[in-house]
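Me: I am new to this structure and would like to go through it step by step. Could we begin with a term that will be needed later?

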Amino acid sequence: MAGRLIAIVGPSGVGKDSVMEALVVAHPRLGLVKRVITRPEGLGGEDYEPVSTTEFESRKARGAFALDWPAHGLLYGIPKTVHDDLAKGHDLLVNLSRAVLPAAQKAFPDLVTLRLTASDATLRARLSGRGRETAEDIEQRLKRADFPMLAGVTYTDLSNDGALDETIAAALAVLYPEDVLT
């Protein structure tokens with residue numbers, strides 16, 4: 001049985017990386033997709049492969065990405081090898097931009113999308129705490145926090161305003177309802 005690509009989306013600071021890491025620990029069938037990003041190395045957050053814009057464009061031209069998109073002045077790519085892992089039955093979590101979801105649904109027909117939400121106060125505190133953005137960047141990201149989901153995108157909303165274990169329990173109930181004891 002083929003695995004599913006599971007997109008985790010939401011505004012900057014909503015806790016996508018924390019939720020994904022906790023989900024991998026909580027369920028043995030889940031793994032993480034390591035994105036290729038034109039972001040300098042060592043900025044914290046997710047485990048990603050940092051590359052230059054030239055290298056990214058070269059890989060894209062060679063067809064190395066199953067999906068790629070620009071966001072926040074950076075380029076993001078999902079390696080084509082993700083298809084091999086899905087064929088082996090692995091469910092894979094990936095942090096995607098909400099704007100790329102229509103293309104993702106075409107590339108991965110069994111795509112499952114979980115949209116994480118949190119209050120403005122929570123987002124502001126998390127963005128300030130991670131130290132990657134300037135005050136102006138934080139304000140710009142907060143303005144985009146209410147970016148609507150695009151028409152035709154299927155998703156499930158999950159609040160990540162409370163305790164992480166509550167979010168994980170809710171996500172697992174959506175992803176693996178057969179595992180929930182009745």
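Reply: Helices here are DSSP runs of at least four residues, numbered from the N terminus. Please note that this is a predicted model.

Me: Which helix holds both Glu-55 and Arg-59, and how many residues apart are they?

Reply: Both residues belong to helix H2, 4 residues apart, so about one helical turn separates them.

Me: Is Glu-55 buried or partly exposed? And what about Arg-59: buried or exposed?

Reply: Glu-55 is partly exposed, at 30% relative accessible area. Arg-59 is buried, with a value of 16%; the cut-off for buried is under 20%.

Me: What distance, N to O, goes with the salt bridge of Glu-49 and Arg-59?

Reply: The side chains of Glu-49 and Arg-59 meet at 2.6 Å. Glu-49 lies in strand E4 (residues 49-50) and Arg-59 in helix H2 (residues 53-61), so this pair ties together parts that are 10 residues apart in sequence. Glu-49 is partly exposed, with a relative accessible area of 30%.

Me: How many salt bridges does the count come to?

Reply: The count is 8 salt bridges. One of them joins the side chains of Asp-157 and Arg-115, at 2.5 Å from N to O. That pair links distant parts of the chain, with Asp-157 in strand E9 (residues 156-159) and Arg-115 in strand E8 (residues 112-117), 42 residues apart.

Me: Changing topic: what volume does the largest pocket have?

Reply: Its volume is about 690 Å³. The lining has 31 residues, and those closest to the pocket centre are Ser-12, Lys-16, Arg-130, Arg-132 and Arg-141.

Me: How do the lining residues divide into nonpolar, polar and charged?

Reply: The lining of the largest pocket comprises 12 charged, 10 polar and 9 nonpolar residues.

Me: Which helices and strands each supply at least two residues of that lining?

Reply: They are helix H1 (16-26), strand E5 (65-71), strand E6 (74-79) and helix H5 (120-130). H1 gives the most, with 3 residues.

Definitions and conventions
Residues are numbered from 1 along each chain as its sequence is written. This is a predicted model: local features need pLDDT of at least 70, side-chain atom pairs count only at pLDDT 80 or more; totals for chains, interfaces and linings use all residues. Side-chain values use heavy atoms; hydrogens and water are left out. On a 1 Å grid over the protein atoms alone, a cavity is a set of points where a 1.4 Å probe fits but cannot get out, and a pocket is an open set with protein on both sides within 12 Å along at least five of seven lines; lining residues have an atom within 4 Å of a point. Grid points are joined across faces, edges and corners, and a volume is the space filled by probe spheres set on the points. Ala, Val, Leu, Ile, Met, Phe, Trp, Tyr, Cys and Pro count as nonpolar, Asp, Glu, Lys and Arg as charged, and the others, Gly among them, as polar. A salt bridge is a side-chain nitrogen of Lys or Arg within 4 Å of a carboxyl oxygen of Asp or Glu. Buried means under 20% relative accessible area, exposed over 50%, partly exposed in between (1.4 Å probe, protein chains only).
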